[in-house]
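Biologist: I'm new to reading protein models. Could you walk me through this one, feature by feature?

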Amino acid sequence: MLVACWSVKGGSGTTVVAAALGLLMAATAAGPVVLVDLGGDAAAVLGLPERADGAGSAHWWADATADPTADAAALVRPVGPGLGLLSLGPAQPGRTAPADVGDRLAAALSSWESAVVDCGPPGPVGPALALASSSTMSLLVLRPCFLALRRAVAAPLRPSGIVVVAERDRALRASDVEAVVGAPVRAEVPWDPAVARAVDAGLLATRIPRALARALRSAA
């Protein structure tokens with residue numbers, strides 16, 4: 001199962017949603033779950049240091065000779081019981097991803113029973129949109145604001161589901177989001193300062209706030 005989380009506007013909460021989904025899926029899945037970070041912030045959100053060797057998928061993309069399955073698997077490090085993380089790693093100056101990078105990453109993901117992909121910020125590079133379009137579940141993460149909905153309508157990809165980060169006093173509701181985007185809301189996550197505190201303290205990987213876990217269980 002491949003779950004791709006993506007956004008059309010910065011600050012939507014995509015990385016937190018993807019990390020929490022990975023943790024929740026790992027708690028119930030029969031096999032290991034891999035969180036694939038295409039945005040570069042997943043390790044920080046989970047309270048983990050970056051890899052000391054700086055290795056990540058950005059280096060792997062830029063190496064056209066890398067084996068798509070074995071080399072990607074070697075970059076996965078444990079986060080907790082049942083969950084591994086494939087970090088993005090530092091950018092590779094002067095090097096671009098090969099044309100078949102989407103196929104190569106899809107081949108690597110196919111060797112894992114379950115994976116959650118944080119597709120990164122708006123306008124993702126490399127295989128992010130290709131992975132989202134071919135995933136088992138493509139989840140658009142957005143706040144119910146007019147600007148985000150405008151971008152969602154113009155996006156080249158229609159999601160299979162939406163995760164709404166609900167904020168108090170917004171005029172738009174989940175039903176409005178469904179009607180405009182043309183996809184069902186799979187989860188409605190209430191804005192909760194407890195989530196920000198958990199991320200700031202590096203505790204998300206060990207203690208998911210109840211409101212976040214409760215809201216995302218239907219999408220996990």
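This is a predicted model: local features need pLDDT of at least 70, side-chain atom pairs count only at pLDDT 80 or more; totals for chains, interfaces and linings use all residues.

Biologist: Okay! How many helices and strands does the chain have?

Modeller: Helices (H or I, at least four residues) and strands (E, at least two) are DSSP runs, numbered from the N terminus. Here there are ten helices and eight strands.

Biologist: And what share of the residues is buried?

Modeller: Buried means under 20% relative accessible area, exposed is over 50%, and partly exposed is in between (1.4 Å probe, protein chains only). In this chain of 220 residues, 49% count as buried.

Biologist: What can contacts tell me about the chain?

Modeller: A contact means heavy atoms within 4.5 Å. If you take the contacts in this chain with a separation of 6 or more, 72% of them are between residues 24 or more positions apart.

Biologist: How do I check the length of a helix, say α1?

Modeller: The expected span is 1.5 Å times one less than the number of residues. Helix α1 covers residues 14-28, so its 15 residues should span 21 Å; the end C-alpha atoms are 22 Å apart, which agrees. Also, 13 of the 15 residues of α1 are buried, so the rest of the structure largely encloses this helix.

Biologist: Now strands. In which sense do β7 and β8 pair?

Modeller: Two strands pair if DSSP finds at least two bridges between them. Strand β7 (residues 161-166) and strand β8 (residues 185-190) are parallel, with five bridges. One example is Ile162, whose bridge partner in β8 is Val185.

Biologist: What do β7, α8 and β8 make together?

Modeller: A crossover is right-handed if, with the strands pointing away from the viewer, the path from the first strand over the helix to the second runs clockwise. That's the case here: β7, helix α8 (residues 174-181) and β8 form a right-handed β-α-β unit.

Biologist: Can we zoom in on one residue? Is Val3 buried or exposed?

Modeller: Val3 sits in strand β1 (residues 2-6). With a relative accessible area of 0%, Val3 is buried. Beyond its neighbours within four places in sequence, its contacts include Leu21, Met25, Val116 and Leu139.

Biologist: What about Ser114?

Modeller: Ser114 belongs to strand β5 (residues 114-118) and is buried too, at 8% relative accessible area. Among the residues Ser114 touches, not counting those up to four places away in sequence, are Met1, Met25 and Pro32.

Biologist: Last one: how many salt bridges are there in the whole structure?

Modeller: A salt bridge is a side-chain nitrogen of Lys or Arg within 4 Å of a carboxyl oxygen of Asp or Glu. The search finds two. One joins Arg143 and Glu167, with the closest N and O atoms 2.9 Å apart. This pair links distant parts of the chain: Arg143 is in the loop between β6 (137-142) and α7 (146-154), while Glu167 is in the loop between β7 and α8, 24 residues apart.

Biologist: Which residue also meets Glu167 in a salt bridge?

Modeller: Arg170 does, at 2.9 Å, N to O. Glu167 is partly exposed at 23% relative accessible area, and Arg170 is partly exposed at 30%.

Terms used: Residues are numbered from 1 along each chain as its sequence is written. Side-chain values use heavy atoms; hydrogens and water are left out.
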